[in-house]
Each structure stands twice: as C-alpha cells, then as structure tokens.
Amino acid sequence: MRKVFDDYRALSDEMLRSNEVRVPHFLDAMKKSLDRRSNWTFWLPYVLSLDVCMKCGTCAEVCPVYISSGRKEIYHPAVRSELIRKVYRRYFTWPGRLFPGLVGAEDLTEDKLDALAESIYRCTVCRRCAYVCPLAIDNGLIVREARKIFDAIGIAPDELKEKGTRKQLEMGNATGTPTAAFLDIIEFLEEEIEDQRGYKIKIPVDKKGAEYLVMHNAGDYLAFAETVMGAAEIFHAAGVDWTLNSPDTGINDAVNYGVFFSDIEFTEVLKAQIKTIVNLGVKTLVVGECGHAFEAFKYLMLRLIPPSERPFEVKSILELIDEWIREGRIKVDPEKNPEPVTYHDSCKLGRLGGLYEEPRRILKACCKDFREMEPNREMSYCCGGGSGFAIMTKGDFLKFRMETYGKIKAEQLKATGASIVALACSNCKGQFREIINYYKLPLRFAGISELVANALVR
Amino acid sequence: MPKMVLAGIEIEVDEDGFIQDPEKWNEEVAKALAETEGVTELTEDHWKVINYLRQYYQQFGIAPMIRKLCKETGFSLKQIYDLFPSGPAKGACKIAGLPKPTGCV
Ligand code: SF4
Ligand code: SF4
C-alpha cells in the first residue's frame, strides 16, 4: 500500500479516498467538535488539552509506541497532538488566522490529512501519558476526538465500523453469530464442561427477569471459549439466578467499538444494548471480560442516559467474583493452579476503570504463585491491542503491533518467569495470543474466569 | 473491490484477500489462496481443517468456535498455527473461502 505516514497502514486507500476533496469537510466536522453543545463527551478536557502544551516531553518517556520505536519523533505523543493543534490554531483561533507563522499554525492539505488519519491509529488511547503530564493534558483524548472528526467525514477502520458497530446493530453481535449458531455453541460448551469436569451444568439462555444477565464480548464465544465456560461454572457454583442472551433478544455482545472512534456509533449501540437489557427485565448487567465494554457501561453511559432509562445495576464480572470469594459464596483452592501466574492490567479496566485490587485479590485466592509484572497498575504498559488494534490487521499492521507495544510486553512477560498470564479483557487476549506466537514465549494466557473455575471447590 | 486471478479465474477479493463470492471456491482456488498465505502444499491435515470450516459455515453461516474446530479436527491450536501460519481466522478461513471473521476474534 502507498506510504502516507510510516511503513504501515491502518486504513485502506479505498477508505482514505485521497483523490477526493476532504479538507473542508474535515474543518466543518472539527468546528462541531469544538462546540460544547455538539460534543457531550469530553469537551472541556479536550479543548483545554488543545490550548496548551509546554513541549516538555514527559509524556513521550512513558508512551509505549514512542519508546519501543526507538524514540521516533512521529510517534511522540505531543508531536502527534501538535498536528491537530496546528490545524486548530490556523482555523479556529484569531491569532492563528491572522498570523499563522507566529503561533505555529499551518494550513491543512489533503496530504497532511492522510498522514493525520494514519497517525491517530498508532496510539491506542491508553492514556499512560495523561497520567504523567504536569499540565494534565490528555493526548489520548485528542486522538479520540480526531478519530471522531475523521469518522464524521466517513473515514474509520472497517473492522470497527462497517464490520463492527454496523454489523453488531444488524446481527446482534459484531461476530455475526446467528441464533442457531449461538445455541449450538452453548450446547457444545455444556458438553465441554461435562467432559472436562465430570459434572453437568445447564447454561441458561434468554431467561427473563433473571437477577444477573452476563453479557460477554461475543468474540469470546468463538475465540476464548474457556472464559465463557469459566464464567458459567462460577455462576453455577454461586447458585445465583443468571442468564446469557441470544441474538433473538436484540444485542448479545458487550462490545461497543464506538468507544474507540465515534460518539454517534457509541450511542446507537449503547441504546440498543439498553433496550435488550430492559426487555429482559434483569436486575444486574454483568459485563464479561472486556475492558472497553466496562468503560462504556460503567462510566460513559452515565453521561448520556438518564437514570430512569437504565433501571439496572452494572458490574464487572471481576467485581462479582471478588465479592463472592470474600463472602465465601464460592470456595476456591489455590493449590489447583500451582503454576506461576502473572496479571496484565488492561488499560480500560485499570487506568480508566479503577479495577486494580479486584483481579489481584481473585488471583491471589485462586493461584498458588502470583507474581506482579513490572511496572503495573497505573503505570501498566498497554499491550497494543487497545482502541480496536487487537482486530486491525490490514497489510503489515500486525507487525506494527508486535514490533512496538508487543515488544515491550514480551520483555515484561519474560521477566516474570510466569507460565500463565491472566487477562481480563478480550482485546488483550487477542493481542497476547499474537505476542506469544510472534515472540515464541514459553507461556499461555488465560481469562480470570478460567483460572477461578479451575480453582473451584465443589 | 479488488480482483485477483486465482487458479485461472478472476475473483473479487476484499482488502485482506478473502474471496467475496463463496460460490467461486473450489479446490484449485483453495490451493491458489494457500499460496497467498505462504502455504505451499495442502496436505490431508490442511484439508481436514478446511473441510470442517466449510461444512460448519454452510450449516450455520459463520466460522466455528476455535475450541470446536480443535476438538472436531483433533488438532491443538498450536498445530493449527503450524498448518496455517496466520492462524485459524486469517489463514485457515481465507483458504477455505469463508469471509473474514469479524468482531473480537
Ligand atoms: S507532558 Fe504534557 S506538557 Fe509535556 S509535552 Fe507532553 S502533553 Fe505537553
Ligand atoms: S495514549 Fe498511550 S499510546 Fe497514546 S500517546 Fe499516550 S501513552 Fe502513547
């Protein structure tokens, strides 16, 4: 593919449409993003982040893609933000309009627009940089806003939009699993649990009025079934009234790729999910092992949907398992997971979601040898699967993921000496599967639910 | 949509090289697709995976779960990666003429 920014491409030529005139549309969309009334999500931190930056470079020293690339200028968080700031100053501030040269304002050209579109798909919006900036500038947020502007002019990765949010709204899940296939999957999982554990459990589907609706990332059924099986065993062992849901009920996929690139798509998916949950009349929505879905339901939803329209509680499956272990509702024996286990903090669950201790308490209760990966918690490195990257594989994009973010993670993993890395996010699982394969690491990944189910004492 | 000549026929493929019209798939096309994936020879083991993928897809309209694929073919995930270096989704599904799996898989 044609080079527009670096050696990689996240967006195809067909998507970029470089032969068309896009700049005026881009500027219109950007104008809208700067207007508080048409940008409900993070308008204030966004405009504040655009206004200042002292170019101290503190952010760059913690940015995984910048560091691992050998400190390439193009991946510097503030340099990337500066691409957008130049446009902001030139078209949306008085000094920039009058004396562009003096204030670092620059005309936007079609070529620069191509480069900008690609550059915002090199950052995973992990917000590690926001954590250290002395001015609290959020370069990740600027990237997300830029992705929104591009989406408004029809430029977004097809994995996230056409085959993501659009497909989810049409089929009930982004994987395109029809109900018949879904039911076949459930039957197979019941058999697998019986084969593996020697006891039968019934996995309830579409049960109205259940106390808990467990909504997984639908990709887990196809790619990470052990997580789904583990969750079923845990809910069964807890003896609670729970259910999964099929596409017949509406949306049966916790993902919301709108989180990554579009408030409009985000809202449409979220509303369809809420409608499904309300129709099922469940008390609590349990978000399966999916980081961005947790952010969507636990935080973003509150800014958008009034409480009367969301008459259910939201919990991460990690919060519930942690509670149940502490209450003694489920009993676990760490001897059943004797191998050394480490944990990777998903950015969305950790830095954004504040779930640091829950997974650790669970793992310490369920595994004999739990080891921290360094650094961790607030300073955990993004694995490189974030913001949609885990499912973006155009051209050499997988190589980009492996040679930057993945490289750091592989080193961190090796240093722990663990033979299992526990993960609680589907995108992380997708990325770690590739990292382990690419770097031929002598370990495997496992969902937290899988390890808990392994440790269950019946 | 780009077009590709596979086994002497012109076939529409998506940006990732997955064929768009499953009707046009045949064993020769599979061999040609395999070459695009760096798989030079389709052995009996490859066919076992390909045939199962196709059969499941014809019945359910989607690729099977990875766990089920492993169980039904008797291969571990590692063996499937050995057979299809870009993995079950990107590699095996492509050669079997299925559309590219979507969502978080
Ligand atoms: S740390 Fe903050 S002020 Fe310093 S360069 Fe980065 S964004 Fe700018
Ligand atoms: S959000 Fe993460 S990837 Fe993006 S610039 Fe900041 S540290 Fe780098």
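Q: In this predicted model, is A:Asp13 buried, exposed or partly exposed?
A: Buried means under 20% relative accessible area, and exposed means over 50%. A:Asp13 has a relative accessible area of 34%. That value falls in between, so A:Asp13 is partly exposed.

Q: Which residue meets the side chain of A:Asp13 in a salt bridge, and is that partner buried or exposed?
A: The N to O distance of the pair is 2.8 Å. The partner of A:Asp13 is A:Arg9. A:Arg9 has a relative accessible area of 4%. Under 20% counts as buried, so A:Arg9 is buried.

Q: Which helices does the salt bridge between A:Lys298 and A:Glu319 tie together?
A: The two side chains meet at 3.5 Å, N to O. The pair ties together parts that are 21 residues apart in sequence, because A:Lys298 lies in helix H16 (residues 291-304) and A:Glu319 in helix H17 (residues 317-327), both of chain A. The helices are H16 and H17.

Q: Which residue of that pair is buried?
A: The cut-off for buried is under 20%. A:Lys298, at 21%, is partly exposed. At 16%, the buried residue is A:Glu319.

Q: How far apart are the closest N and O atoms of A:Glu323 and A:Lys315?
A: A:Glu323 is partly exposed at 27%. A:Lys315 is buried at 18%. The two form a salt bridge, with the closest N and O atoms apart by 3.1 Å.

Q: How many salt bridges does a search of the whole structure find?
A: Some share partners: one network joins residues including A:Arg2, A:Asp6, A:Arg9 and A:Asp13. Over all chains, the number of salt bridges is 58.

Note on methods: Residues numbered from 1 in each chain as written. Chains lettered and ligands numbered in written order. Predicted model: local features only at pLDDT ≥ 70, side-chain atom pairs only at ≥ 80, totals over all residues. Heavy atoms only, no water. Salt bridge = Lys/Arg side-chain N within 4 Å of Asp/Glu carboxyl O. Buried < 20%, exposed > 50% of the residue type's maximum accessible area, 1.4 Å probe, protein only. Helix = DSSP H or I, 4+ residues; strand = E, 2+ residues; numbered from the N terminus.
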